[in-house]
Amino acid sequence: MNKDKELKELKNKIAVLEQKIRGLERDLDYIVENSPDLGMIKYCIEELQEEVAKSAKQPVGMLFTRIKR
């Protein structure tokens, strides 16, 4: 009986944490999308990656990992 209660509490805690994570992900996406400075930094990084790839004669995807949304 005690194990069932512990398991139920743990499942509840996991569900709460998953909700918090989803909320934080949404907040972070909003900040990144709505910050002109971050947008410029992202653009500069991508431009730099393309130049490095060009110099190495390799596709960008072979040298760098890009986060896809």
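**Helical architecture and local features of the predicted model**

pLDDT is the predictor's confidence in each residue, from 0 to 100. Over the protein, pLDDT averages 85, and 93% of the residues score at least 70. The model is predicted, so local features need pLDDT of at least 70 and side-chain atom pairs count only at pLDDT 80 or more, while totals for chains, interfaces and linings use all residues. Residues are numbered from 1 along each chain as its sequence is written, and side-chain values use heavy atoms, with hydrogens and water left out.

The protein has three helices and zero strands. Its pattern along the sequence is α-α-α. Elements are DSSP runs numbered from the N terminus (helices: H or I, at least four residues; strands: E, at least two).

The radius of gyration is 21 Å, whereas a compact globule of 69 residues would have a value near 11 Å. This radius is taken over C-alpha atoms, and the globule rule is 2.2 Å times the number of residues to the power 0.38. Along the principal axes, the C-alpha atoms fill a box of roughly 65 × 30 × 10 Å.

Of the 69 residues, 7% count as buried. The classes rest on relative accessible area (buried under 20%, exposed over 50%, partly exposed in between; 1.4 Å probe, protein chains only). The protein exposes about 6700 Å², with carbon and sulfur atoms supplying 60% of it. Areas come from the Shrake-Rupley method with a 1.4 Å probe.

The protein carries 14 positive and 13 negative charges, and their mean positions are 6 Å apart. Lys and Arg count as positive, Asp and Glu as negative; His and the chain ends are not counted. Each charge is placed at NZ of Lys, CZ of Arg, CG of Asp or CD of Glu.

The structure holds one salt bridge, defined as a side-chain nitrogen of Lys or Arg within 4 Å of a carboxyl oxygen of Asp or Glu. Lys 54 pairs with Glu 51, with the closest N and O atoms 3.3 Å apart. Both residues lie in helix H2 (residues 36-56), three residues apart, about one turn of the helix. Lys 54 is exposed at 58% relative accessibility. Glu 51 is partly exposed at 41%.

Lys 57 lies in the loop between H2 and H3. Its phi is positive, about 55°, although Lys 57 is not a glycine. Most residues other than glycine have a negative phi. At 73% relative accessibility, Lys 57 counts as exposed.
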